[in-house]
Amino acid sequence: MANYSVRNQVAIISLCSPPVNALSSDVRRGILDSLKKAEQDVKVAAIVICGEGRTFCVGADITEFKSEFKTFPNLFELVDILESSPKPIVAAIHGHAFGGGLEVALACHYRVALSSAKLALPEVKLGILPGAGGTQRLPRLIGIDSSMQWIAFGDEYSAQIAANIGIIDRIFPSNADILESAVQYAQSIIGKSLINRRVSKLPVKDASKVSHIMEKYKQIVGKKSRGAIAPMVCLEAIKHAALLPYVEGMKKERMGIEALMGSDQSKSLIYMFFAERQVRNWTIPGTGINSKNTKPIKVEKVAVIGLGTMGRGIVLSLLKAGIKHVSVMELNKTARENGLLFIKNILEGYAARGTISETQKRSMVDALKPVSNFEMLKDTDLVIEAVFESMSIKKDIFAKLGQVCKPSAVLATNTSALDVDEIAMVTPKPKQVVGMHFFAPAHVMKLLENVRGSKSSPQVIATAMNMGQRMGKVTVLVGNCHGFVGNRMFRHYTVETDFMLEEGAYPEQVDTVLKKFGFAMGRYQVGDLSGNDIGYRMRTKFEMTNKQQPPGAPERER
Ligand SMILES: CC/C=C/CC(=O)SCCNC(=O)CCNC(=O)[C@H](O)C(C)(C)COP(=O)(O)OP(=O)(O)OC[C@H]1O[C@@H](n2cnc3c(N)ncnc32)[C@H](O)[C@@H]1OP(=O)(O)O
């Protein structure tokens, strides 16, 4: 719903749908009813639309996509009604103006924002396009080139960047009162002509270059979003903004969203959106213990043991999470030097690309603390072991950790398949032990599988889950069984691809097809990155080969 009030000639329409003011049918109806009141009230000379609580508006209510989505006023009707209002409307943005939220703002005649606000048209990440005029209004405001960048990739931008390119008219400091500031701003524009303020009426500045720009983005999208349908449909819709009058462009946009909404890709991405949020609410089956009633241990000092492919990625993930003390232990001198060099080079790359500032880079490098013996880990809060996938080596390490680490330290193993309970048993406090299974390359892959051993304490589990979230990972709690969940799923995939090799395909042919389909890496490339020896050891240890079959029997027969 939306609340309505009037303050010094300014009507305030505040979206009120916690937690994120998604544009449900009730909210859309509330905006429309409030707008009518404001238009009819002779004492009102300007209108402010704002969001109550932590954010302006994150866009259409995704939970309503199947049902209420088309109820009047739907989003694309609402934006046109807002824009045609005879009284000036100011969008007052704090928190997020995402998707339909930004489209509502684009339909307003002015947009003001706190400097901390974030803006985006992220619909492409749900496999759809901005279907409430975003593909038609944004190009009229910022041009085809920038619009393609914003819409085809769906990334978020700061209010300052949005102001620099002409989306935001006025920025206020992050600690300002957004509503008070917007009301004052609205008073300052009373009586001004709205002729140039209706974005749908503006020309597209770089319309003549549309073919050239389109070709450029087709290439980029082809590489960055292989296999995804929505980005290309977004580009087409934006192209129409350059070539057609607004009303015709809107018809094309509508055709685009109708084609995408309900597609398999969109259904999967929406499923993923909610699933990624659902896994934050973890629970230990049958105990009543869950994320809501269990507090993590405070973690300031973390250690990573092993600086191979996995260890390096884990260290980078911890640094990116802002951990100020990351001990790294690698007894092999060459591996240690190579590992540290790799980490520093990646940080240099981030700084060169502007992902982190020079100051952040320096503080990350300072946070790295090479250590040469277990004694030096005695005051560490969390140790993540990422050595060779061998039960005897891991047991040896955990026995030493059990002796030197403080009793409250969480001891995590990055094993991808081994029994966490067996590892835990060599320590004096098995309840402190948990699995934290990262996926290679750990600083890039978003998934983290935390493995709950039979003795892992709730607090230890909460700490591993919390650390995953601090690292920005999609952190999933799983039980302790061979291969956990990730590798049990991966196994079926590898079996199928191995069948193809047996049937005569080359690994690179299989990988090429998978990459064309949209996978970031081919299955055999993944094997090379993680180390094929890991899979080999897993299979040998668990005797995955049927003993009745002679050595070398084809995979299909095993
Ligand atoms: C004509 C058709 C046009 C459609 C245009 C659209 O608008 S499509 C929707 C476009 N918007 C988005 O894709 C935004 C999705 N949301 C986010 O990316 C993030 O929520 C956020 C805005 C970056 C905020 O992140 P934060 O971490 O602060 O919060 P959560 O992600 O945890 O969200 C809190 C809860 O709110 C639920 N939620 C978020 N967005 C929506 C939404 N658009 N619709 C419905 N529900 C939404 C989210 O699921 C969380 O719920 P919990 O129950 O607390 O898990």
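Which residues line the second largest pocket? Keep that in mind as you open the structure, which is a predicted model. Select I62, T63, F65, K66, M261, G262, S266, K267, I270, Y271 and F274, and you have the lining of the second largest pocket on screen. Colour that selection by class and you will find six nonpolar, three polar and two charged residues. The space inside the second largest pocket comes to about 250 Å³. Rolling a probe the size of a water molecule over the atoms shows where empty space is left.

**Next stop: the ligand**

Zoom in on a few atom pairs here:

- Pick R54: an N or O atom in its side chain is 2.8 Å from an oxygen atom of the ligand.
- Pick V58: a polar backbone atom of this residue lies 2.9 Å from a nitrogen atom of the ligand.
- Pick G100: one of its polar backbone atoms sits 2.7 Å from an oxygen atom of the ligand.

The ligand taken alone exposes 1,000 Å², and the protein buries 77% of that.

**From the ligand to a sheet**

Keep β5 selected and follow it into an open sheet of three strands, ordered β5-β7-β8 with mixed pairing. The edge strands are β5 and β8 (157-158), each of which pairs on one side only. Strands of a sheet pair through backbone hydrogen bonds, either parallel or antiparallel. In the case of β5 and β7 (residues 118-120), the sense is parallel, over three bridges. To see one of the bridge pairs, select H96 together with its partner in β7, K118.

**Last stop: some backbone details**

Most residues other than glycine have a negative phi, and most peptide bonds are trans.

Start with N8, in the loop between β1 (2-7) and β2. N8 is not a glycine, yet its phi is positive, at about 45°.

Move on to P19, in the loop between β2 (10-15) and α1 (25-40). Select P18 along with P19, and you will see the cis peptide bond that joins them, with omega about 0°.

Finally, where is P441? Look in the loop between β17 (433-438) and β18 (447-452). A cis peptide bond joins A440 to P441, and its omega is about -10°.

Notes:
Residues are numbered from 1 along each chain as its sequence is written. This is a predicted model: local features need pLDDT of at least 70, side-chain atom pairs count only at pLDDT 80 or more; totals for chains, interfaces and linings use all residues. Side-chain values use heavy atoms; hydrogens and water are left out. A polar contact is a pair of N or O atoms within 3.5 Å; within protein, one must be able to donate a hydrogen and the other to accept it, and residues adjacent in sequence count only if both atoms are side-chain atoms. Accessible areas come from the Shrake-Rupley method with a 1.4 Å probe; for residues, only the protein chains shown count as cover. On a 1 Å grid over the protein atoms alone, a cavity is a set of points where a 1.4 Å probe fits but cannot get out, and a pocket is an open set with protein on both sides within 12 Å along at least five of seven lines; lining residues have an atom within 4 Å of a point. Grid points are joined across faces, edges and corners, and a volume is the space filled by probe spheres set on the points. Ala, Val, Leu, Ile, Met, Phe, Trp, Tyr, Cys and Pro count as nonpolar, Asp, Glu, Lys and Arg as charged, and the others, Gly among them, as polar. Two strands pair if DSSP finds at least two bridges between them. Helices (H or I, at least four residues) and strands (E, at least two) are DSSP runs, numbered from the N terminus.
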